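Please view the structure below before reading on.

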Amino acid sequence: MVGRSGDRENLKTKEVDFMGRLPFIAGNWKMNKTVEETLALVRELKGSLKEIKEVEVAIAPPFTALHAAAQELKGSSIHLASQNLFWEEKGAFTGEISPVMIKECGCQYAIIGHSERRQHFGETDETVNRRIKAALNHGLKVIFCVGETLQEREQGVNFLVVERQIEGGLKDFGELALQNLVIAYEPVWAIGTGKTATPQQAEEVHLFIRQKIRFLFSPKIADELRIQYGGSVTPDNIKGLMEQENIDGALVGGASLNADSFSRIVRFKEM
Ligand code: PGA
């Protein structure tokens, strides 16, 4: 999944080519878009991203629109992600959605541990770990989200928080699991606030995450791991972020709800 070598020579800038990691832009639609609205946006994206190569693209509509989106995406290179999943396969878990169901809907990815799940729905490092495990066991790839709150950053514990989230979320995992995992660093203070982390602020945490993965797993796994930045990403700030050595993509919320802004983000190399 990481870096198709044939694409490498086509990459325009040295930075995005670093270690051959294929840039990955994903749109997290959150609780937005009905089935009808999803189909309309997917059709627009299929058109505007038709010739896109050298960048992996995924969208994460709400559960209710996944199946319809998958049908509409047939034949397109845009991947589909769920915004969450539960770890059991089936049973008496009212309101939950299993990895089997997510796969059946046509998803290749699952976003897990988003800060809104942690903040509003009691997600912990332990439950994140169980969800990641279940997703990987069912052949889904995972976008694993980490990031500190404003208070934590102001207290100077942002690195400690991210470290704890990574150690907890990836507990008991081997190198194989990491091959199907992307980490998204999303500082909570930057999500939906219009207050993006500067490329330097993001880069220092991305580098820290990569070093942590090197220590926990191996240099090879760390070099191959793609780390997305998330938090108020727009067409105006994507380029500066992507120029950083350890930023390999973006998890985009608000700006992914519109075909024009999302496509411009995906086309960051053309700026
Ligand atoms: P935002 O959301 O781009 O609207 O800040 C990012 C996210 O929550 O994934």
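## Helices H8 and H10

Phe159, Val162, Glu163, Ile166 and Glu167 in H8 meet a set of residues in H10: Glu204, Val205, Phe208, Ile209, Lys212, Ile213 and Leu216. Contact means heavy atoms within 4.5 Å. By class, this contact of H8 with H10 holds eight nonpolar, no polar and four charged residues. Nonpolar covers Ala, Val, Leu, Ile, Met, Phe, Trp, Tyr, Cys and Pro; charged covers Asp, Glu, Lys and Arg; the others, Gly among them, are polar.

Helix H8 spans residues 158-169 and helix H10 spans residues 199-216. Their axes come within 11 Å and cross at roughly 40°. That makes H8 oblique to H10. The crossing is right-handed.

## Basis and terms

This is a predicted model: local features need pLDDT of at least 70, side-chain atom pairs count only at pLDDT 80 or more, and totals for chains, interfaces and linings use all residues. Residues are numbered from 1 along each chain as its sequence is written, and side-chain values use heavy atoms, with hydrogens and water left out.

Helices (H or I, at least four residues) and strands (E, at least two) are DSSP runs, numbered from the N terminus. Axes are lines fitted to C-alpha atoms, for helices over the stretch in contact; angles run from 0 to 180 degrees between N-to-C directions. Angles under 35 degrees count as roughly parallel, over 145 as roughly antiparallel, 65 to 115 as roughly perpendicular, and the rest as oblique. A crossing is right-handed if the near helix is turned clockwise from the far one by less than a right angle, and left-handed if anticlockwise.

## Helices H2 and H3

Helix H2 (residues 35-48) packs on helix H3 (residues 63-73) at an angle of about 30°, with the axes 9 Å apart. H2 is therefore roughly parallel to H3. Their crossing is right-handed.

From H2, Val35, Thr38, Leu39, Val42, Arg43 and Lys46 meet Thr64, Ala65, Ala68, Ala69, Glu72 and Leu73 of H3. The residues of this contact divide into seven nonpolar, two polar and three charged.

## The buried side of H2

Thr38, Leu39, Leu41, Val42 and Leu45 of H2 are buried. Buried means under 20% relative accessible area, exposed over 50%, partly exposed in between (1.4 Å probe, protein chains only). The buried residues of H2 pack against strand E2 (56-60), H3 and helix H13 (259-266).

## Arg130

Arg130 lies in helix H6 (residues 125-137). Arg130 is partly exposed, at a relative accessible area of 35%.
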